[in-house]
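Subject: Structure for your review

Hello,

Please find the structure below. My notes on it follow, in the order in which I went through it.

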Amino acid sequence: MKISFNKINKTGFTLVNLYEKDIDIKNNICSEKNTEKFLNIKSEFKLTDEMNQRTFLMLIRKVILKAKAEKIQKLSLDYNQIRKIQTEVLDKISEKQNAADFDSAWTAKTVIENIFLAAYKFEKYKSQKENSLEEVLIFGEFSKIEKENFQKGEIVGKAANIARELANTPANDMTPTILAQETKNIFKNYPKVKIKILEEADVKKIGMNLFLAVGAGSQHPSKFIICEYLAGQKNARPIVLIGKGITYDTGGLNLKPGSSMNSMIMDMTGGAVILATLKAVADLKIPKNIIVLVPAVENAISGEAYRPGDIIKSLEGITVEIDNTDAEGRLILADAITYAKKYNPKYLLDVATLTGAAVVALGEYATVILSKENDLSEKVSKLSESTGDLTWPLPMWNLYKDYLKSKTADILNLSTSRWGGTISAALFLYEFVSKIPDVKWMHFDIAPRMTANENDNLESGATGEPVRLLVELISEL
Ligand SMILES: [Zn+2]
């Protein structure tokens, strides 16, 4: 699907009509010229006090889903209709909230981003493609700010869809080796992004034993993917992004029940998300130093697989007793966190489909964020609303740390309590983060956002969250 822009509507396009047709003609909002067909959306929404950032982006997605359901190939949108919503919302909210939340820059970016997100469908393996939509034309007169944000929206929306495509690809076509190759493909034409792939032999030499243990049972060799993007000041401490890259999670010897295994092709979503984020950052030429680390591993079963009861010495030197081989994400993240130390990071952000407990805690509509930095938490919470990648914080209280005590090693890889598993997982990671001097860290448990729900108004499968949030965050850090 492509997006094009023009001053006026063109023939052959079905025109979106967000309002009653007769009202449009009266107010001269909807240019009927050159249009024989309309896609009427009016029944789908009401312009009431309910219209806010969330409902606005959902409206855009509904327009696209409806166009696809009606097998429309070419769709056009009168941008004046969007401005009418923007103006009316601004009139209503200007006293109550920050009107800047709904300014023309935000609106332009949000419209384009969500057109791309709603248009995307995973159909790489479909012999007959079902996605009809080929082109969306936005017409009107645009300001410089709007044009810039259209472009930004396209970059970020497309990047989120790259994350979705990687995450949706099944494990038989997404081994650690293939993920490493895909990384090279994504950054083929980006001289500013340097890629290094560490092989098992390389990481063995430096002692990344947790990372190696998780992949030991797989016939597919583990790969430690490193991308370095140094577009910031020469001595500026970088932002390090770490993404969980479990290309398939059987649970290991603590085998998952059959019903929860199918979706484990997406257990590398954290890795996919940060690779896509870096692509958007590079496309937007954001002048920052960013390091991306993706430990890519398959958690499988064989005679070589690591076992419950094993004690493994991490890269940090902390010994870990394995209580459960299905709590593998935190193990590969722990070694990646220690590896990040050599970059002297100012910020460390890790993204992982880490715990089912996160879904229990928040339901399926928000990523859980955990951090000891209140400023960072506040910033992320605000950006989560404006980007639509919703988040909600959980505490990092040391009370929960007692559940990670091991009788025989420094730490246990799974809490001995049934409850609060997202918090104890974050506290496990913090044991390693705390060894990095003066770093601001946040953990994103994206398990609740791994796959789309009905009310997301997206096609089923991966959501690509929180690419939009991370791109904004990086530009503000
Ligand atoms: Zn697992």
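**Loop residues**

Asn 457 lies in the loop between β17 and α14. This is a predicted model, and in it Asn 457 has a positive phi of about 55 degrees although it is not a glycine. Is Asn 457 buried or exposed? With 20 other C-beta atoms within 10 Å, Asn 457 is buried; the cut-off for buried is 20 or more.

The loop between β17 and α14 (467-476) also holds Pro 466. The peptide bond that joins Glu 465 and Pro 466 is cis, with omega about 0 degrees.

Lys 71 is another residue other than glycine with a positive phi, in this case near 60 degrees. Lys 71 sits in the loop between α2 and β4 (74-78). Lys 71 counts as exposed, because it has 10 C-beta neighbours inside 10 Å.

Glu 134 is found in the loop between α4 and β5 (135-139). Glu 134 has 12 other C-beta atoms within 10 Å and is therefore exposed, since the cut-off for exposed is 12 or fewer. Leaving aside residues up to four places away in sequence, Glu 134 touches Met 1, Gln 73 and Lys 74. The C-alpha atoms of Glu 134 and Ile 72 are separated by 8.4 Å, although these two residues are 62 residues apart along the chain.

**Domains**

The protein chain is divided into domain 1 (2-142) and domain 2 (166-476). Taken over C-alpha atoms, the centres of domain 1 and domain 2 are separated by 35 Å. How many residues of domain 1 are in contact with domain 2? There are 15, and they meet nine residues of domain 2. On the side of domain 1 that touches domain 2, α2 (53-69) and α4 (104-119) each supply at least two residues. The most comes from α2, with seven residues. By class, this side of domain 1 has eight nonpolar, one polar and six charged residues.

**Sheets**

Five strands form an open sheet with parallel pairing, in the order β1-β5-β4-β2-β3. β1 (2-6) and β3 (38-40) stand at the edges with a single partner strand each, so one side of each has no neighbour in the sheet. From one strand to the next, the twist averages 30 degrees. Within this sheet, strand β2 (residues 14-17) runs parallel to β3 and is joined to it by three bridges. Asn 17 stands opposite Asn 40 in β3.

Antiparallel pairing is found elsewhere. Strand β6 (residues 193-198) pairs with strand β7 (residues 223-230) in the antiparallel sense over six bridges. Leu 198 stands opposite Phe 224 in β7. β7 also pairs in the antiparallel sense with strand β10 (residues 289-299), over eight bridges. Here Lys 223 has Ala 296 in β10 as its bridge partner.

Helix α5 (residues 144-168) has 25 residues, which should span 36 Å at 1.5 Å a residue; its end C-alpha atoms are 36 Å apart, so the two values agree. Is α5 largely enclosed or largely open? Of its 25 residues, 18 are buried, so α5 is largely enclosed by the rest of the structure.

Helix α13 (residues 421-433) has 13 residues and reaches 18 Å from its first C-alpha to its last, close to the 18 Å expected at 1.5 Å a residue. α13 is mostly covered, with eleven of its 13 residues buried.

Regards

Technical notes. Residues are numbered from 1 along each chain as its sequence is written. This is a predicted model: local features need pLDDT of at least 70, side-chain atom pairs count only at pLDDT 80 or more; totals for chains, interfaces and linings use all residues. Helices (H or I, at least four residues) and strands (E, at least two) are DSSP runs, numbered from the N terminus. The expected span of a helix is 1.5 Å times one less than its number of residues. Two strands pair if DSSP finds at least two bridges between them. Axes are lines fitted to C-alpha atoms, for helices over the stretch in contact, and angles run from 0 to 180 degrees between N-to-C directions. Domain bounds come from an automatic or database domain assignment. Two residues are in contact if their C-beta atoms, placed from the backbone, lie within 7 Å. Ala, Val, Leu, Ile, Met, Phe, Trp, Tyr, Cys and Pro count as nonpolar, Asp, Glu, Lys and Arg as charged, and the others, Gly among them, as polar.
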